[in-house]
Each structure stands twice: as C-alpha cells, then as structure tokens.
Amino acid sequence: MAAAGAVSGKIIYEQEGVYIHSSLGKTNDQDSLISGILRVLEKDAEVIVDWRPLDDAIDSSSILYAGKDSSSVVEWTQAPKERAHRVAEHLNSYEAEWDMVNTVSFKKKPHTNGDAPSHRNGKSKWSFLFSLTDLKSIKQNKEGMGWSYLVFCLKDDVVLPALHFHQGDSRLLIDSLEKYVALCESQFNVSSSEELFWILVSCLKSPQDKRILLVNCQNKSLSQSFENLLDEPAYGIIQKIKKDPYTATMVGFSKVTNYIFDSLRGSDPSVHQRPPSEMADFLSDAIPGLKINQQEEPGFEVITKIDLGERPVVQRREPVSLEEWTKNVDSEGRILNVDNMKQMIFRGGLSHALRKQAWKFLLGYFPWDSTKEERTQLQKQKTDEYFRMKLQWKSVSEEQEKRNSRLRDYRSLIEKDVNRTDRTNKFYEGQDNPGLILLHDILMTYCMYDFDLGYVQGMSDLLSPLLYVMENEVDAFWCFASYMDQMHQNFEEQMQGMKTQLIQLSTLLRLLDSGFCSYLESQDSGYLYFCFRWLLIRFKREFSFLDILRLWEVMWTELPCKNFHLLLCCAILESEKQQIMEKHYGFNEILKHINELSMKIDVEDVLCKAEAISLQMVKCKELPQAVCEILGLQDSEVTTPDSDNGEDENVGMTVCPPSAFQSNSLPVLTASGGRDDNPTEIPVSPNVSRLTPA
C-alpha cells in the first residue's frame, strides 16, 4: 500500500460523503465519523484507488484516546501481517458491520502528564491509496444493515478500514472497478482442504452469502472443482445443503477433494505425500505429549507409542427399574445417594416408564436435591415463563413479520425441518400430527429464549426424542433448553465447538492407535471430518430411535469421565479399523463406509468398548497431559461405576456384548433406513394422541 500523498491522473470515479467510522475517541457510544473523498484514477496505465479526509485541518486528537493509564495514548498503525487472519475473521462477524476498530492494530506510545501529542499531518493517519493490481477481495455489507460499506483486502493481507457510503452509490464504485478487473461473487475463497470443509459447513448457517467479491478468479483446478460440484441436473449443492446439511456437506467435500488436492499439491506425484518433518511438526503442535520420530517409513509417520496396558473387561446391567428408583427417594421426594443412582443409570440406562421423570434430573431441569413440592412450584414458574415467550412470537402480526427478516428465516427453516424429523416414528407420522405442531412451537419459542442463536438445522433432531419422552410441551422445552446449554457451541456461527471436538478426537484416537491415524492421514482423512455428524447432533442419525434414548441418558450422567462421547467415537472407529485398512479404503470410500454405518451400530457394544477405553486410559501412568485435559483427569481419577459397592451393583450383570438386555418391552421405533427387530412397541400414553399445542 503506497503512502497517501497527492495523486494526479484521469479521474474514473469520484465520490464525496465516504466515511470511516472510527471507534477511537468516541463519546456517548457514538463513533467518530471521518468524512472523506474516494477516487479511482488512471495514471500511466495503472489504476489507483485513493481515499483521503476532506478536512485539511483535521484535529488528530479526534482519533486518539487516553487509556485507563493516563500516561499512555493509543494511535492507529498499519495492521501487521501476522494479525491478518484474526482481522479477516472479525470482518465476518456481526460487530464488523459497525465497528472498524479491529481492522487496525494499536500501539501504545509513552506520553507524559496525560496530554495528547500533536501531529502535524493528522489526516495521514487515515489516508490510503493502492494500485488495483494489489487488490485481493472486496467485502460488502449485509443488505439492509445501515449504510452500505466496502472493505478492501489487499494481496499482502492488509485489510483497510471499512468505507461507509452515507450517500449510497457503492455499486457505482464496483461498476467502475469491473472495467479493469474481474470481480466474482463467491464465499469459496479456498486455500486448503481444511478451509474448504469449513466453508461447506458454513453453508449450514448462510448458504447464500455473496458479500465477498474476489478479484480475478484464475485457479482452474478450483473452478473445475466447484463446476463439478454444482453440475447436477436435478439438485445443486446449496439445495442439498438446505435439505440435509450433514450429508450434503460430507458428500460435497468428498466430491471436490480430488480437484482441490490436485490444485494444492500440483501434478507431480512425488509431492502428494506430506514431508515427514512437516507432518511431525503439525502433530507435535496439535497433540502435545506424544513424541514423534521423523525417520522415513513408507507412507507413515513413526510415533513413539505409549503403553496403555491391558484393556479391562466391562459389564453392563439391566436398565434401572421404577422400583429401584422409588427405593432411592425419601418421603419428601428427594433423590437419595445421587452418585449411586447415576452409576446405575450409566451402567444400564433407564426403563422407559422412568425416563419422563429421570431425564428432568439428568438434564438439570430438576435439581437432584429438590423436594416434590419444590419441583411442583418450579414447574408452575417455568410454565408461566414458557408461555410468556411463546406469546411473543405468536402475537407478531403478518405486517410485523414482513419487517423482521430473521424471524421469517427462523420460521421458514423450522417449518422445513419439522416436516422431515423422525416421520417414521408413530409419534410424528402422518399429516397434521400434533407432535409436529409441538415441535414447531417449541423451536419457535426457543428462538425467543435465545434469539442470538435462533434456530439452526439439526436442533430439531435434538428436540424430537425429548418431546417423545416428556409428552408435554413445557417440560420438553426446558429439557431442550438445558440440552442446548451443553450443545450450544456446536451450532454457533463459527462452530468453534465442532473444531475443538474434532481436534480432541484426533488426539485420543492417535493415542489409542497411531497406526490407524497414520493410515487415515495417508488417505487425507486425518481431520476426521467423517465424524462431523456424530458430534454435531450426538449420534442422533447413527442409532435407532430407541438406542438414542439409551445412549443419551448414559451420556447425561457425565460418567465415567469428561467428553465420554469422544470415546464413543473412538470405540466405533476401532470396530471399523480392520475393514478400512484391509480393503485399503481411500478418502471417498472411508466417507461412504462411515455414512453407511447409520442404524447398524450396536449401542450396548459401543458403550462397553468406550467405558473399557476410559478405564484403560485412567490406569495408564504416562497419559499425555493433552489427553488428561480432554478427559478431565488432571486433578482426579476417572469416576467409574466400578467404585460402587452397593447391593444393586451386580443385579442383572452380564459380560459384553449384552445384546440379551434389549428387553422386549423396549422397542426399536424404526427410523429411515433403520433395522426393525420386530420388538414390542412401548405403550404410548392415551394422552399422546390428544396432544395439542397450547
């Protein structure tokens, strides 16, 4: 970026009333507005974009402010290159619509007596110009979000302050620039396969965001990949993402993989394998606690193994019965020996007749130490609170909703998802089913409860089993709200929770089987993206409806360790390792194979293996610190049901696999593509058929 000096040449475009909104020196929460003039000039076969303040007598003190320490002031300086990535992330956030303070970095200058220094040329702090050949991309504002603005990002990753067009006409500038450079609308600014994955995932939130204009889209391999991705006569990838975001994201990623890797690696086969030193550095950073040997081995990195010791045999018990539960309740309705009760639930789950009551405790809706009278009062309070929130969206008129795009979007997405959620389950099947209406109403009310998050695809999957068990709109809502407190990060726009879990899963899997991890790396599957759906909605689409009820209640005990769901993933992958490696599955085959496991996994077998893995790890004396932190073992050992010496410990105990424990009174309610073992169905309360929304 050139210094902002006087520039002469043929004026192609000129616009006054183009402002920088500076948060520096703002008072009463008002931004400082720096008015300027924006020009596009042609000089010596070069096109220059130039912005400078209009007021030659601008007071530099208006762009400085004193910090808490009056001996220092803060002034603007060009953002260093190492901050460019954070800057780019901020520009995609809501705050960037109004705040440009994070598009620059700041430095403190020592100053005495708290007086601001004088600057002879204050306007130079904000003036800038650059050649159009240095322009990388332009970001536009969201439609209807205040004044229109543009943010220029240069090829050296310098992000310039946002320019706000108070008089409109930002489109005229774009039209002027397009005479000299090609600008293409795209949210796919891809530099790696990992970035591509998260771009596809971002479609879950906003598949039609076209605010980024890229300059000169010349990467033929990438262009070909997305042409191939979109070249589907019946349905495009965006339409598929709207219908089934999880499958579409995975399939879409698979479809473009070969093109992307060709683009990133080049055509030379010798560079298709990552250098061992590069891979070692990556693994050392990502998984502290494991020592990596960089000696050459064909196709694999040699990782020093940690001896985890022998894996113990784990036993499961019969589900907790209503009689066992009643024995653990005192005369006032308090649950006695909560730890023992949780251990029993972890070991065997709950009988179906008990779920409606016990789930409220497991999810935190009811405190474990509450009396029956206290819970009755709590339900009354929560009922009032629920219907006040429900009334908020129910009372919005059609005219009001026309002016509330977010509410319209939430409603539209909820209506689409509700109509395809668990429709093979009798509780939700058929037209005009009251269960579907309740699903819709609860999800709309949740938007009022947490309007910032609102509704994201996948949340209906989490609500469906809760409503099925509770058979009550209010109780289902508050159980769902509690569950969403645990799952919130999975659905946030940046999806940081998902990224963290994938990294943690990779750490655990590498400790358990470094050879399998190395094989996955060699097949470009080391990021474990094929586990994305498992983590996003807690295996909801991997197990039958009945098995999900069992799996979730076991996980809600928070035993035997933190992040037990990641050990469940490890147990499933361990079971599939042999087939994947012996048949030499590549990226696409691995993805296809994992997706086809849906409704074919034995829940009791997986629970046995996952618990055995946790016991094996806790007994290891050399467990890496990273693993200890993931499992919450840094301060204490794993809490295992083995420590329970209660008389109920051995009731109905059997060595895994305990398929015999799939009681005939607990049916598999067949989901799409699921197995049907012809069990007897759970008796549905007569009230279910009469459920109507309030």
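The exercises below work through helices, cores and aromatic pairs in a predicted model.

**Exercise 1. Find how many helices and strands the chain has, and what share of its residues is buried.**

Solution. The chain holds 24 helices and 16 strands. Of its 694 residues, 51% are buried. Contacts between residues at least 6 apart in sequence can then be sorted by separation: 72% of them join residues at least 24 apart.

**Exercise 2. Compare the span of helix α11 with the expected value, then state which of its residues are buried and what they pack against.**

Solution. Step one: α11 covers residues 372-394, which is 23 residues. From first C-alpha to last it reaches 32 Å, close to the 33 Å expected at 1.5 Å a residue.

Step two: the buried residues of α11 include Leu378, Lys382, Tyr386, Met389 and Trp393. An α-helix has 3.6 residues a turn, so residues three or four places apart point the same way.

Step three: the buried residues of α11 pack against α10 (352-362), α13 (405-418), α14 (434-449) and α16 (473-491).

Step four: the charged end of Lys382 sits over the ring of Trp478, 4.2 Å from the ring centre. Tyr386 belongs to a cluster linked by ring pairs, together with Phe387, Tyr446, Tyr449, Phe477, Trp478 and Phe480.

**Exercise 3. Describe the largest nonpolar core and the contacts of Met617.**

Solution. The largest nonpolar core has 124 residues, and Phe491, Phe539 and Met617 have the most contacts inside it. Helix α16 gives the largest share of this core, 11 residues. Not counting residues up to four places away in sequence, Met617 touches Leu508, Leu511, Leu512, Leu567, Leu623, Val627 and Leu631. Another core, of 29 residues, lies apart from it; Tyr13, Phe130, Leu160 and Leu177 are among its members.

**Exercise 4. Classify the aromatic pairs Tyr483 with Trp556 and Trp534 with Phe539, and decide whether each residue is buried or exposed.**

Solution. The whole structure contains 28 aromatic pairs. Tyr483 and Trp556 lie 5.3 Å apart, centre to centre, with 85° between the planes, which makes the pair edge-to-face. This pair links distant parts of the chain, with Tyr483 in helix α16 and Trp556 in helix α20 (residues 545-556), 73 residues apart. Buried means under 20% relative accessible area. Tyr483 is therefore buried, at 1% relative accessibility, and Trp556 is buried at 5%.

Trp534 and Phe539 form a tilted pair, 6.2 Å centre to centre and 35° between the planes. Trp534 is buried at 1% relative accessibility, and Phe539 is buried with a relative accessible area of 1%.

Notes. Residues are numbered from 1 along each chain as its sequence is written. This is a predicted model: local features need pLDDT of at least 70, side-chain atom pairs count only at pLDDT 80 or more; totals for chains, interfaces and linings use all residues. Side-chain values use heavy atoms; hydrogens and water are left out. Helices (H or I, at least four residues) and strands (E, at least two) are DSSP runs, numbered from the N terminus. Buried means under 20% relative accessible area, exposed over 50%, partly exposed in between (1.4 Å probe, protein chains only). Contact means heavy atoms within 4.5 Å. The expected span of a helix is 1.5 Å times one less than its number of residues. A nonpolar core is a set of buried Ala, Val, Leu, Ile, Met, Phe, Trp, Tyr and Cys residues joined through side-chain atoms within 4.5 Å. Rings of Phe, Tyr and Trp (its six-membered ring) pair if their centres lie within 6.5 Å; planes under 30 degrees apart count as stacked, over 60 as edge-to-face and the rest as tilted. A charge sits over a ring if NZ of Lys or CZ of Arg is within 6 Å of the ring centre and within 35 degrees of the ring normal.
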